[in-house]
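Here is a short report on a complex, written for reading beside the model. Please keep the sequence and the 3D view open.

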Amino acid sequence: MPNKKPLKSISTGSLVALGLSVSSLYSGLQAAETAFETKEIPREKHQPGKMEGMACGANMQMDKTEMVCGSNMRMDVTGMVMYENKEKLPKDCKAISEDVTIEVKAGIDHAKPYPGTVFGLSEHQWEVKPCSRITVEFTNEDEIRHQWMIHGLPKYLYPEGMFHIEVNGKGKKTGTFIVPSSNYTYLVHCDIAQHMEKGMKAQLKVGTGRGDLPSIPGISAAKFADSF
Amino acid sequence: MRLYRLSFAFVTLIFLPSISVAEFPVAPATEDTFLGLVEPFCPESIDPNWRKQQQIENVSISPSPVCAPDNPYDIATFVKGTNNVSMATIMRTQLSPDTLIKKNDLDGDGDPDEIHIRLEVIELNGFSPDQQEPITTYDIAPGIQPGFWAFAPKSRGMSNESFSSTKANTLLRLPSPSIRVEQGDKIIVTLENSHYFPHSIHFHGVDHPFQKENGEGNDGVPQTSNKLTMPGKVFSYELTPRQTGTMVYHCHVQAHTHILMGLIGMFIVEENKPNNWVQTFNVGAGFVRHSSVAVKEKYSQEYDLQYQDLDRELHNLIQQGNDSRLLAKSFNREYNITERTPDYFILNGRSFPYTLRESLIVIKPEEKVKLRVFNAGDEMLSLHTHGFKPTATHLDGVKLSPEARIQRDVFTLGPAQRADLELYARNDGLNNMGEGIWTFHDHNELGVTTDGVYPGGHISSVVFESFLGPNGMPKVQGVDVSPFFTKEFYQRKYPIWNLSDENKLYGEIAKTTESTAKESNEESMDSTQIIILVFQILLLLITLFLIRKTTQKTNA
């Protein structure tokens, strides 16, 4: 197992420098894929109570009725779709380039192809054209909840830069969003603690994308890999 | 000739000290010590309105004047059930719409008697393959993040408090929440195993049948009653408790590690009373903002106090790797509990000084307060209250007869034991010694340290209202508490009395050139490092060779 702590008192500068130079040379030779780092986003407080377009005061009925809270959120006992956007174009798009449907399944059975992971997705990468309108058909095959959550979208269209589908137990939910024009690689994951780390991580490449994110099952290596 | 000169010099050197008059040895100077970044006593992100007495969804919520009170919208939802509150209230929580269903007033006394509770299993401070630091972080004290597992009310959305923070949202924390039900209610507890290991729930001391009506096991013990609830699966337990009391629930899979990792909480059965809407969850234990009818008849306030001790070696296992097979091996075959030593001590999920933000008992003269004390750790707990002698009314959830009630100032509880204590603020020199800030702490002295640094561990205080300042800060009149709110203090970098010590009697000794040389000598490379160095040089040579070869090929 990797020990993330620095090796005991390797303090000699030259030693470290030598190590660095060796590893950089080595990785240069290997022409390893450039790891893509997301920019540091300024800290902001998540306020569950202050969601845009929220207008739902009625008592919730615990049946199939889906509550629509403004235009941005649909929720019921089977799950929710947050910050859906079927119409509004990103500023940099003149028109929708294509309509894409992504079918993705989530559950423990999809982790089998990747030994050592526990929760899985049926696919871990999607490639779309800039300004695509993407409809995600998300099927959860487990009895617990799972999410298909994408980060880094423009905040003027998607509060907190996010589009999110959550399916509460076995079932399916569908939601739509539109991506901007720039080439970018977006993180897609399930944000339940440890679900991403244990396999539920994927990427959406718009246009040519911008490299691969680390530790995507079947695609890229972890920055901090296990040693066996 | 040369040899002669050398030996002469050598001999002179040896005798030098004896022939010269010894000078007064000047001790090294005192160094200024950097205090480190001092965290505020009470973070600004906490909404002060949460502290107020309020009415939400017709639920009266008691004031909670401490720095970090429970979210009142959570409380209202825990009292009414997620099925009986408005969507607007649910949206002010992070609960799932089916976390807590309350329905069917079976005995017609004005409160629901069929309660469906859903629990998830969460991991805090776990491994990330993408960054050095653990993720979904939860600090028990400044800079201290042991790995944990805990039960949590089923939630929705993100685990983190925001998109740019790795801090866990307020529902995800330690200890596993206290659960309150009413005597005679039909309770269904569903375990939704959202974790990567199998788990179960055992209801310790709570009246429950061994089997459910359909014959499935109901005791949560893999060896005798239940199949493992595997990741991604759910299992429901059913019980209709006939007896009241402060009981326990915990995971019974690999109990020697799963319980200690945090999968343990209080399960409290309240007396059946009319219009008795109990607060089903008490997240993070502590003050109960909506006590049951029976408790309110006798007491003005009620607190759940859960004590735990943590062996760093166990809690760090989840930060050492990501592969589920490696983790299973390290927990089940490598970790050896017979070598266990506790390093951290938490009260309601935090060590001192963070206990001061959440776990103060705020009291007025003449008040009678109910404390439910639970030792969920593996060490003995000797709980001592300054300024009070509380009275034990129940042990392990069973009511004591009046003559068996004990009044004393130290209550000792072994692992899994509970005591219900009555804290009576009557200033008679026996029950109480008057107003003040009265510390309550473990008198097993290990328990008041954090990784051996004092003060830490499970120290908190009973604070009389007259001694409570703004933002829940007690008006302490002892030493400056700032150093305790730094990471450096618990990294043993700060001399404890520095701020009280004008003459620097106990300051840090400045490093002289001699001591620096000595230290660097001590830090000379060990064999592992030499091997690494040799390996790196070899690697460099191979790389250079390869580069050369490649360039030669391209040239050719």
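## Strand pairing in chains A and B

Strand E7 (residues 133–140) of chain A pairs with E10(A) in the antiparallel sense, over eight bridges.

Strands of a sheet pair through backbone hydrogen bonds, and they do so either parallel or antiparallel.

**Chain A as a whole.** Chain A has one helix and twelve strands. Read from the N terminus, the order is α-β-β-β-β-β-β-β-β-β-β-β-β. Of its 228 residues, 34% count as buried. Take the contacts in chain A with a separation of 6 or more: residues 24 or more positions apart account for 65% of them.

**An enclosed strand in chain B.** How many of the six residues of strand E26 (residues 459–464) of chain B are buried? Six of the six are, so strand E26(B) is largely enclosed by the rest of the structure. In a regular strand the side chains alternate between the two faces of the sheet. Both faces of E26(B) are covered. On one side, Ile459(B), Ser461(B) and Val463(B) are buried. On the other, Ser460(B), Val462(B) and Phe464(B) are buried too.

E26(B) pairs with strand E17 (residues 361–363) of chain B in the parallel sense. It also pairs with strand E25 (residues 437–442) of chain B, and these two run antiparallel. Ile363(B) stands opposite Phe464(B) in E26(B). Ile437(B) has Val463(B) in E26(B) as its bridge partner.

The pairings with stated bridge counts are set out here.

| Strand pair | Sense | Bridges |
|---|---|---|
| E7(A) and E10(A) | antiparallel | eight bridges |
| E17(B) and E26(B) | parallel | three bridges |
| E25(B) and E26(B) | antiparallel | five bridges |

**Confidence.** Chain B averages a pLDDT of 93, and 93% of its residues score at least 70. Where pLDDT is low, the predicted coordinates should not be read in detail. For the complex, the predictor gives an ipTM of 0.85 and a pTM of 0.85.

Notes: Residues numbered from 1 in each chain as written. Chains lettered and ligands numbered in written order. Predicted model: local features only at pLDDT ≥ 70, side-chain atom pairs only at ≥ 80, totals over all residues. Pairing = 2+ DSSP bridges. Helix = DSSP H or I, 4+ residues; strand = E, 2+ residues; numbered from the N terminus. pLDDT = per-residue confidence, 0-100. Buried ≥ 20, exposed ≤ 12 C-beta atoms within 10 Å, placed from the backbone. Contact = placed C-beta atoms within 7 Å.
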